[in-house]
Structures are given as structure tokens and as C-alpha cells.
Amino acid sequence: MTTTPIKTAVIGYGLSAKTFHLPFIKALAEFELSAISTSQSEQVKQDWPEIDHYVSANELIKNCDAELVIITAPNDVHFDLAKLALENHKHVILEKPFVTEVAEGEALIALAKQQQLQLSVYQNRRWDGDFLTLKKLIEQQRLGEIKHFESHFDRFRPEVRQRWREQASVGGGILFDLGPHLIDQTLQLFGLPEAITAQCETMREGSNNVDYFNLILHYPKHLACLHADLYSAGPNRRYIVKGSAGSYEKSHLDPQEPQLAAGLGPDHPDWGAEPAELYGYLYQEEQPQRIASERGCYQQYFQQMAQAIRHNAPVPVAAEDALWSIKLIKLAMESSRLGQTLSLKQA
């Protein structure tokens with residue numbers, strides 16, 4: 001039996017929409033793009049002439065025929081737009097971060113349950129190939145008992161750019177941009193920590209939000225160190241994981257983002273495959289072993305979301321999970337301000 005495609009509307013037409021969402025809506029049979037809202041009206045009409053175009057996100061939500069709305073607008077309007085979409089009986093995918101305040105997330109979760117609608121947050125890096133590889137190594141006990149976990153998402157951007165992600169005082173900066181990726185992956189591997197110690201700094205001249213962070217999540221038998229800065233000009237360190245049976249080290253980021261930017265999609269034969277020279281290494285008593293990276297598969301997020309909408313299966317990323325990332329970001333900012341280690345009981 002053929003399932004009717006899910007009519008989908010996208011709010012925003014920036015990097016997130018064009019790189020991380022629209023290629024999957026176009027490629028996957030489970031979805032049908034029906035509308036986009038953006039101030040770039042002429043560009044959208046040229047790129048997507050057959051769909052409905054709206055300048056106003058509110059008008060799109062109120063008037064389009066979509067069942068699902070994907071929100072890629074600036075972080076500080078996530079709550080208002082998601083609330084309006086749920087009130088207008090539409091399922092919602094929010095680009096990370098979920099929201100900028102914990103109370104907003106709690107309100108959206110309650111509203112989605114009341115409306116019997118699906119609400120999810122696009123934590124796509126659960127489907128990074130290097131993360132799937134590390135997760136498999138841990139599950140197979142090839143590292144033994146984990147003693148030290150280090151995860152990086154570093155860049156070289158010493159000058160402040162004129163972009164909302166770098167300019168916004170509410171929900172801007174790399175703690176809200178990159179922090180949710182690192183935190184969500186860590187919680188997927190180890191669950192909630194007992195406490196957090198954080199340094200959240202503004203280092204670049206002219207910056208008005210966090211552009212450097214170092215978070216230490218305290219677990220009963222190990223520490224998880226999550227780091228991002230904008231002064232890393234060399235190859236990107238990704239993971240350093242040490243255990244009682246060995247360690248795993250990986251550099252460079254998952255290839256799916258550059259593949260999407262280059263026009264490759266999930267139907268391409270090379271999709272999600274990392275070149276062998278970028279594989280990570282497993283170090284044990286014998287010679288180092290190069291570990292082939294699993295294939296990345298962002299499309300699985302959308303396929304699972306389709307199952308949630310059509311068959312009431314679990315959403316790929318629960319809003320409750322994404323809310324913990326916001327709670328930990330808020331606790332990290334407070335830890336940094338006070339110069340103290342804070343218990344999760346204070347979140």
C-alpha cells in the first residue's frame with residue numbers, strides 16, 4: 001500500500017534549509033515540499049517555481065496546506081513559530097537548538113502532547129559516520145571501561161561575521177550553535193552526567209556572545225570534555241576516547257555536510273562514505289588499527305520522522321532529549337559565571 005507523501009513547509013531559506021533539509025525533502029518519497037517562507041522571494045521562485053511562497057512565516061503557518069513545518073529561522077523565534085505551528089495543527093521539526101529558554105521547551109512539549117502532534121529537533125549528528133563508529137566501538141567493548149571522553153567541534157573564524165548566528169545576543173554564539181551537537185552525542189553515549197564545570201568565554205573583538213567553550217561533564221567513572229573554539233586553524237580534532245582496553249582518536253568532520261553543499265544527496269553511491277585516509281585509529285597494546293568509518297546517514301532522521309507522523313512511531317529525536325541540551329547549556333553558562341562545578345540537580 002502506497003503512503004501519501006507528507007506535505008512539508010520550510011521556514012527560512014538559509015544554509016540550514018538549503019543544505020540540511022530541502023535535499024532530503026526532495027530526495028525522499030515520504031515527503032512532498034509544498035511551501036517555503038523567506039524574504040528571498042525571487043530566489044525561491046527561481047529555485048522552486050512550483051511551490052507556494054510566503055514572505056511571512058506566520059502567514060505560511062496559518063494558510064499553507066502542509067502537515068509538517070520545518071523551522072530553520074533564527075534561534076530566538078523558534079518558540080513563537082513552533083507554538084503557532086502546533087496551534088495550527090501541524091507537526092514540527094525545529095532546527096537545533098530547540099529553544100533558548102527551558103520554560104519555552106517545556107511549554108512546546110506540553111502543547112504537542114495536548115494537540116497529539118509530533119515535535120522533534122534536528123540533532124542530525126546522531127547520524128554522523130564517525131559518531132556511529134565510536135558508538136559501535138563502545139558497544140562492542142573494544143575500548144573497555146571508558147575513562148576519558150573528549151569531543152571537539154573547532155573552527156577557524158577569528159573575525160566576527162555579519163550573520164545572525166554570530167550577532168544575536170539571545171541564542172547566538174557557538175554554545176547554542178555547536179554545543180547542542182556535542183552535548184546530544186555525549187548524552188546518547190553516556191546518559192545524563194552528575195555535574196558540569198564550564199568555561200564559556202567571549203574572545204573575539206566585537207563579539208557579543210560565547211565564541212569559546214570548554215564543558216566538563218562529570219560521570220561516576222569518567223569525565224567528558226566538550227570543546228569548541230574559533231581559533232583552530234589546523235585539522236579538526238574530533239574525538240579522543242580513552243578506556244581500560246585502548247583508545248580511539250579521530251580527526252576531521254563527517255563528510256555529509258560538504259557532500260550536501262556540493263549537490264550530492266542520499267541517492268548518490270558515495271553518500272556518507274568517508275575517504276580511507278580520514279579514518280580514525282584504535283590504539284591498543286598491538287599495532288594501531290585504522291578503523292573504517294561507518295557511513296553517515298542523515299536521511300534516517302527524516303525516514304523515522306515520516307514513520308512517527310504516519311504510524312505514530314517514536315520521533316527520531318525526542319523534544320525531551322533536546323531540552324536536556326538546553327538545560328545543560330544554561331547550567332554551563334551559570335557554572336562559568338560563578339567559576340564553580342554545578343550539580344545537575346541545579347538544572
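Which residue lies over the face of Tyr239? Arg238 does, at 4.3 Å from the ring centre. The legends below describe close-up views of a predicted model, in which local features need pLDDT of at least 70, side-chain atom pairs count only at pLDDT 80 or more, and totals for chains, interfaces and linings use all residues. Residues are numbered from 1 along each chain as its sequence is written, and side-chain values use heavy atoms, with hydrogens and water left out.

**View 1. Charges over rings at Tyr239 and Trp324.** A charge sits over a ring if NZ of Lys or CZ of Arg is within 6 Å of the ring centre and within 35 degrees of the ring normal. Arg238 takes this position over Tyr239. Lys327 lies over the face of Trp324, also with a distance of 4.3 Å from the ring centre.

**View 2. Aromatic pairs.** The structure holds 12 aromatic pairs. Rings of Phe, Tyr and Trp (its six-membered ring) pair if their centres lie within 6.5 Å; planes under 30 degrees apart count as stacked, over 60 as edge-to-face and the rest as tilted. Trp127 and Tyr301 form an edge-to-face pair, 5.9 Å centre to centre with 80 degrees between the planes. Trp127 is in the loop between β6 (119-122) and α6 (129-139), and Tyr301 is in helix α11 (residues 299-311), 174 residues apart. Helices (H or I, at least four residues) and strands (E, at least two) are DSSP runs, numbered from the N terminus. Both Trp127 and Tyr301 are buried, where buried means under 20% relative accessible area, exposed over 50% and partly exposed in between (1.4 Å probe, protein chains only). Ring pairs link Phe24, Phe31, Tyr122, Trp127, Trp271, Tyr301 and Phe302 into a cluster.

View 3. Two strands pair if DSSP finds at least two bridges between them. Six bridges join β11 to β12, which run antiparallel, and the bridge partner of Tyr239 in β12 is Lys250. Phe149 and Tyr239 form a tilted aromatic pair, 6.1 Å centre to centre with 40 degrees between the planes. Phe149 lies in strand β7 (residues 146-152) and Tyr239 in strand β11 (residues 237-243), so the pair ties together parts that are 90 residues apart in sequence. Phe149 and Tyr239 are both buried.

**View 4. Strand β6 and its partner β5.** In a regular strand the side chains alternate between the two faces of the sheet. Leu119 and Val121 on one side of β6, and Ser120 and Tyr122 on the other, are all buried. Four bridges join β6 to strand β5 (residues 91-95), and the two run parallel. Tyr122 is the bridge partner of Glu95.

**View 5. Gln259 in helix α10.** Gln259 is found in α10. Its relative accessible area is 11%, so Gln259 is buried. Leaving aside neighbours within four places in sequence, Gln259 is in contact (heavy atoms within 4.5 Å) with Leu264, Asp270, Trp271, Gly272 and Ala273.
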